[in-house]
Amino acid sequence: MVLGGAQSQSFATFLILCPTSFFLGILFSLFPYDYPLLWTASVPTEANFQTLEKHLRFLHASPPIIARILHIVIAVGLLGFFIKLYRPSESNMLFDGASLVLYMCGFVVYMANIVKGLRVISGGKYNVELVEGELAVGVTGAIPGEEKSLGRNDSLKVLSASNTILALVLVGVLVLQAGQWYAERKQIQETEQMEKENAAAGKGNAGTQRTGSGKKKV
């Protein structure tokens, strides 16, 4: 199988779509916990915070094999991008390049917000944490770059907001991959249509030449 061929491109797309869909499934399973904190008009209750806190502590205390599998899946997605961007075409540079940027943005959110947030919540050291850059997302009155201590409720809201940001980034990856498939499909259809028109025009010209040569013989 040629690395830059159609088969390798399809396999690479498969390597990108599967991890992206896998991560979206994980985030969807967390949505019932995040919904009361971010997506309702009513003020979150103490029970909502306790439920989310217990769930996150349970996730952080999971066996190391769980984190290793998660990181392997992340690496599989990066491998798919590497294959598609090896000797890239114009379509690869546009769609796959933008997809890779979004994928790496999601990785940064995961490392800077989610992993760090899980450690804080698991340790219970809320007021020690500072808001810097992206960590200000979801905190009322916090300015990016400003140092501010985070309480328990704000820490949980930041983590829920990070899940939402990560979900939007991953959906963007899927949209770009779907756009690339559609663009390539339309290009193939247009090429086939042009080839059919050229073939029909060639047959018409050949028939005209034969008719003209027949009249000359007569």
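Glu53 is buried, with a relative accessible area of 9%. Buried here means under 20% relative accessible area, exposed means over 50%, and partly exposed lies in between (1.4 Å probe, protein chains only). The model is a predicted one: local features need pLDDT of at least 70, side-chain atom pairs count only at pLDDT 80 or more, and totals for chains, interfaces and linings use all residues. Residues are numbered from 1 along each chain as its sequence is written, and side-chain values use heavy atoms, with hydrogens and water left out.

Glu53 takes part in a salt bridge with Arg152, in which the closest N and O atoms are 3.1 Å apart. This pair links distant parts of the chain, with Arg152 in helix 5 and Glu53 in helix 2, 99 residues apart. A salt bridge requires a side-chain nitrogen of Lys or Arg within 4 Å of a carboxyl oxygen of Asp or Glu. Helices are DSSP runs (H or I, at least four residues), as are strands (E, at least two), and both are numbered from the N terminus.

Arg152 also forms a salt bridge with Glu46, where the closest N and O atoms are 3.0 Å apart. That pair too links distant parts of the chain: Glu46 lies in helix 2 (residues 46-60) and Arg152 in helix 5, 106 residues apart. Glu46 counts as partly exposed, because its relative accessibility is 40%.

The whole structure holds 4 salt bridges. One of them joins Asp96 to Lys84, with the closest N and O atoms 3.1 Å apart. Asp96 is in helix 4 and Lys84 in helix 3 (residues 64-84); the two are 12 residues apart, and the pair links distant parts of the chain. Asp96 counts as buried, at 0% relative accessibility. Lys84 counts as buried as well, at 2%. Through shared partners, salt bridges join Glu46, Glu53, Arg57 and Arg152 into one network.

Gln177 contacts both Asp96 and Lys84. Its other contacts, leaving aside neighbours within four places in sequence, include Thr13, Phe81 and Ser99. Contact means heavy atoms within 4.5 Å. Gln177 sits in helix 5 (residues 152-217). Its relative accessible area is 4%, so Gln177 is buried. The side chain of Gln177 makes a polar contact with the side chain of Ser99 (3.1 Å). A polar contact is a pair of N or O atoms within 3.5 Å; within protein, one must be able to donate a hydrogen and the other to accept it, and residues adjacent in sequence count only if both atoms are side-chain atoms.

Helix 4 (residues 90-123) has 34 residues, which at 1.5 Å a residue should span 50 Å; its end C-alpha atoms are 48 Å apart, which agrees. The expected span is 1.5 Å times one less than the number of residues. Helix 4 bends by about 35° at Tyr110. The bend is the angle between axes fitted to the seven residues ending there and the seven starting there. Just after helix 4, Gly124 takes a positive phi of about 75°.

The structure holds 5 aromatic pairs. Among them, Phe22 and Phe23 pair edge-to-face, at 5.7 Å centre to centre and 65° between the planes. Rings of Phe, Tyr and Trp (its six-membered ring) pair if their centres lie within 6.5 Å; planes under 30 degrees apart count as stacked, over 60 as edge-to-face and the rest as tilted. Phe22 is partly exposed at 38% relative accessibility, whereas Phe23 is buried at 12%.
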